[in-house]
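Hello,

Here is the structure you asked for. Please open it first, then read my notes below.

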Amino acid sequence: MLRHGRNLLLANPSFQKWAASFPLTRLVAERQSNALFDICSGFVYSQILLACVRLDLFTKLAGGPRPIVSVAEDLDLSFDATQRLLRAATALKLVDHLEGERYGLGELGAALLANPSIGAVVEHHALLYADLTDPVALLRGDVKTELSGYWPYANRKPGDPAPAGADVDEAYAAYSELMAQSQLDIAEDILDAFPPTGHRRWLDVGGGEGVFVSVLAITAPEVEAQMLDLPQVAARARAALQTRGMLSRVTVHEGDFFSDSLPKGADVLSLIRVLHDHDDEAARAIIARAHDALEPGGTLLIAEPMGGGRGSDRVSDAYFNFYLLAMGRGRTRSVAEITCLLEASGFSDVRAVASRRPMLANILVAQRV
């Protein structure tokens, strides 16, 4: 009732006008206005970032501050367009405006330069933004989305054969590369939060190009590192592991977690950014296969964005939920929802493990009974 009364008051134009002028409430009213404007302007901000990435602006500023004229020549833009872009990027803390009308890397621009996977995701978002042009039509399922064509398994259900063909192989290559670029930080966060020492064999299901098992093998060479993915993806994993000099230290299995039994014998099995790609029926099937594959007392580790977690609600419930809607299936779940799925499949002692960056992945572990 108190919250309802507060909202009625905030929705009153007369109260808003008074709050904006009264000294004790002016800062609160201003903060609310700025927050609403940031939500309205979010798409414009993201497109400014996309322009910076496509023009490789941050690399061009990495050598030190430069005058606008020099930057304009490098970007092949007019002076006015370059100044407009640099001022916008400065407002977003991507670029710093210095004396003498020079510009250098800003705090966020430097961070992006140090994490090239972010640039790849920014480029990828062009598909998502196209799908969000009419969000109401998207919610009603009235549009064929670009993202559903990007992910070859988007419309697949348990029992359906894995898609195949030259076009599908090309699609697997595109999304596997994107996932690999963003996997390193997540792998390090998981192994910091859940140290692998003391375990014997770890199976990563849906392991993509093997980034996680590579980090695992380096972090804990005494642990037998294994991964499984579809044949097209497993082939790319072997090639990537060979390039990294890790192939002899990792066992790569080919398989389909919808139709094939998972390799047995692991005392830890991980599902990293897997469950949220699937609806409940498919998620239950994956968890059941994980339960069958683990030894008694073995551990299932789930790492992905989850709703209701500290610092992750905006990423999980806003960003990822709409991304998955555009993809065509899946949704983010709360810790409580995933716990119910795990307990229904026979897992026990479900607990959350604190993650360094919950916006990238929350972590749950459970024991096989």
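This is a predicted model: local features need pLDDT of at least 70, side-chain atom pairs count only at pLDDT 80 or more; totals for chains, interfaces and linings use all residues.

Residues are numbered from 1 along each chain as its sequence is written, and side-chain values use heavy atoms, with hydrogens and water left out.

Now H16 itself. Helices (H or I, at least four residues) and strands (E, at least two) are DSSP runs, numbered from the N terminus. H16 covers residues 313-327, 15 residues in total. From first C-alpha to last it reaches 20 Å, close to the 21 Å expected at 1.5 Å a residue. That expected span is 1.5 Å times one less than the number of residues. H16 has a kink of about 30°, centred on Phe320. The bend at a residue is the angle between axes fitted to the seven residues ending there and the seven starting there.

Phe320 is also among the buried residues of H16, as are Tyr323 and Leu324. Buried means under 20% relative accessible area, exposed over 50%, partly exposed in between (1.4 Å probe, protein chains only). The buried residues of H16 pack against helices H8 (116-131), H9 (135-140) and H10 (146-150).

Next, two packed helices. H5 (residues 68-75) and H6 (residues 79-91) meet at an angle of about 105°, and their axes are 9 Å apart. Axes are lines fitted to C-alpha atoms, for helices over the stretch in contact, and angles run from 0 to 180 degrees between N-to-C directions. So H5 is roughly perpendicular to H6 (under 35 degrees is roughly parallel, over 145 roughly antiparallel, 65 to 115 roughly perpendicular, the rest oblique). Residues in the contact include Ile68 and Leu75 of H5, and Phe79 and Leu86 of H6. Contact means heavy atoms within 4.5 Å.

Last, two loop residues. Which residue sits in the loop between H3 (23-54) and H4 (57-61)? Asp56 does. Its phi is near 55°, a positive value in a residue other than glycine. Asp56 is partly exposed, because its relative accessibility is 35%.

Arg273 lies in the loop between S7 and H15 (280-293). Arg273 has a positive phi of about 55°, although it is not a glycine. Is Arg273 buried or exposed? Arg273 is buried, with a relative accessible area of 11%.

Best wishes
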